[in-house]
Amino acid sequence: MEVNQASNAGEQMGGKRKKTWRRRVFEILEVADAGDRASQIFDISLLVLILANLVVITLETVEGLTTQYRTYFEVCETVSITIFTIEYLLRIWSCTAAPDFQHPVLGRLKFLFTPLALIDLMALAPFYLPLLIPIDIRFIRFVRLLRVLRLFKLSRYFQSFQVLGNILKSKRDELLVTLMGVFGLLWLASTMMYFIEHDAQPEAFANIPATMWWGVATLTTVGYGDIYPVTTAGRVLGSVISILGIGLFALPTGILASGFTEELDRRKQLPSPEPSTCPHCGKPL
């Protein structure tokens, strides 16, 4: 009887210790709280690693540097992937410490489909996919392009990313309506310009998809000048589309500006966090 009780007590102690470790790992992996030195060191180290990866990705496109420092780039990639993989696995293991992911199976599945977890996975995919699946070299180039998603890993540590995400989420309906209006106007303008200019410039306005390049350049008021109408009707239509483009592309700017104002006002109204130390004696509360 005593042996069973001792065994049960040992199992309970082991379970509590495991939960404590999981909770501590979860706290370290999340954005650092004031006074949590281990979490702060981890956050800063990961920030430096992510920024170093972005620098390496940029420098790899310089042919001379790639030839001379290929070994260093490969070592940096291998070390980074190893650290990112360990971080990803630890996040999956410790996520059950969060109230939203407490179930050992369903909680982890739910966590895997959160936006930041998907970004982490796609940042790892360029390294592991070619090792697991024999794929075409052109697809490998596309997969390697996904490495730029490591930039979005910074969203965990910078409040500005979170603010922008909240704004896009709150204004998604207005932005969607504006986007639909832009694409509708782009298609209409390109179609009309194709039928007006095709006979005069069959190479420049060969078809509607090709004419959409002119439509994009005109609506965004960039006007590269490589394709432009030569007929009177085409020039009149181009002038109208240019004027409409100025007004239409100002709409998303206004929507985002109002979203920023609302988000900043909301944050100002939030209650300030309790101080972690006494303002008089400096001792922890």
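**Notebook: helices, rings and a cavity**

I started with T211, which I found in helix α9 (residues 208-219); helices here are DSSP runs of H or I with at least four residues, and strands are runs of E with at least two, numbered from the N terminus. The model is predicted, so I noted that local features need pLDDT of at least 70 and side-chain atom pairs 80 or more, while totals for chains, interfaces and linings use all residues. Residues are numbered from 1 along each chain as its sequence is written, and side-chain values use heavy atoms, leaving out hydrogens and water.

**Entry on T211.** Is T211 buried or exposed? I read a relative accessible area of 0% for T211, so it counts as buried (under 20%; over 50% is exposed and in between is partly exposed, with a 1.4 Å probe and protein chains only). When I set aside the neighbours within four places in sequence, I found T211 in contact (heavy atoms within 4.5 Å) with S190, M193, Y194 and F205.

**Entry on S242.** I then turned to S242, which lies in helix α10 (residues 232-269). In contrast to the buried T211, S242 is partly exposed, and I noted its relative accessible area as 27%.

**Entry on the whole chain.** I counted 10 helices and 0 strands, so the order from the N terminus on reads α-α-α-α-α-α-α-α-α-α. Of the 285 residues in the chain, I noted that 30% count as buried. When I took the contacts between residues at least 6 apart in sequence, 61% of them turned out to join residues at least 24 apart.

**Entry on aromatic rings.** How many aromatic pairs does a search of the whole structure find? I wrote down 4 of them, where ring centres of Phe, Tyr or Trp (its six-membered ring) lie within 6.5 Å, and planes under 30 degrees apart are stacked, over 60 edge-to-face and the rest tilted. One of these pairs is F101 with F111, whose ring centres are 5.6 Å apart and whose planes stand at 80 degrees, so I call the pair edge-to-face. F101 sits in the loop between α3 and α4 (106-112), while F111 is in helix α4, so the pair ties together parts that are 10 residues apart in sequence. Both F101 and F111 are buried. I also noted F127 and Y128 as an edge-to-face pair, at 5.2 Å centre to centre with 85 degrees between the planes. F127 is partly exposed at 26%, and Y128 is partly exposed as well, at 30%.

**Entry on the cavity.** I found 1 cavity of 30 Å³ or more, a cavity being a set of points on a 1 Å grid over the protein atoms alone where a 1.4 Å probe fits but cannot get out, lined by residues with an atom within 4 Å of a point. The largest cavity has a volume of about 30 Å³, meaning the space filled by probe spheres set on the points, which are joined across faces, edges and corners. I listed its lining as F26, L29, E30, R91, S94, C95 and F111, and both α1 (2-29) and α3 (63-94) supply at least two residues of it.

**Entry on cysteines.** My count of disulfides (pairs of cysteine sulfur atoms within 2.5 Å) came to 0. C95 is buried at 0%, whereas C76 is partly exposed at 23%.

Conventions
On a 1 Å grid over the protein atoms alone, a cavity is a set of points where a 1.4 Å probe fits but cannot get out, and a pocket is an open set with protein on both sides within 12 Å along at least five of seven lines; lining residues have an atom within 4 Å of a point.
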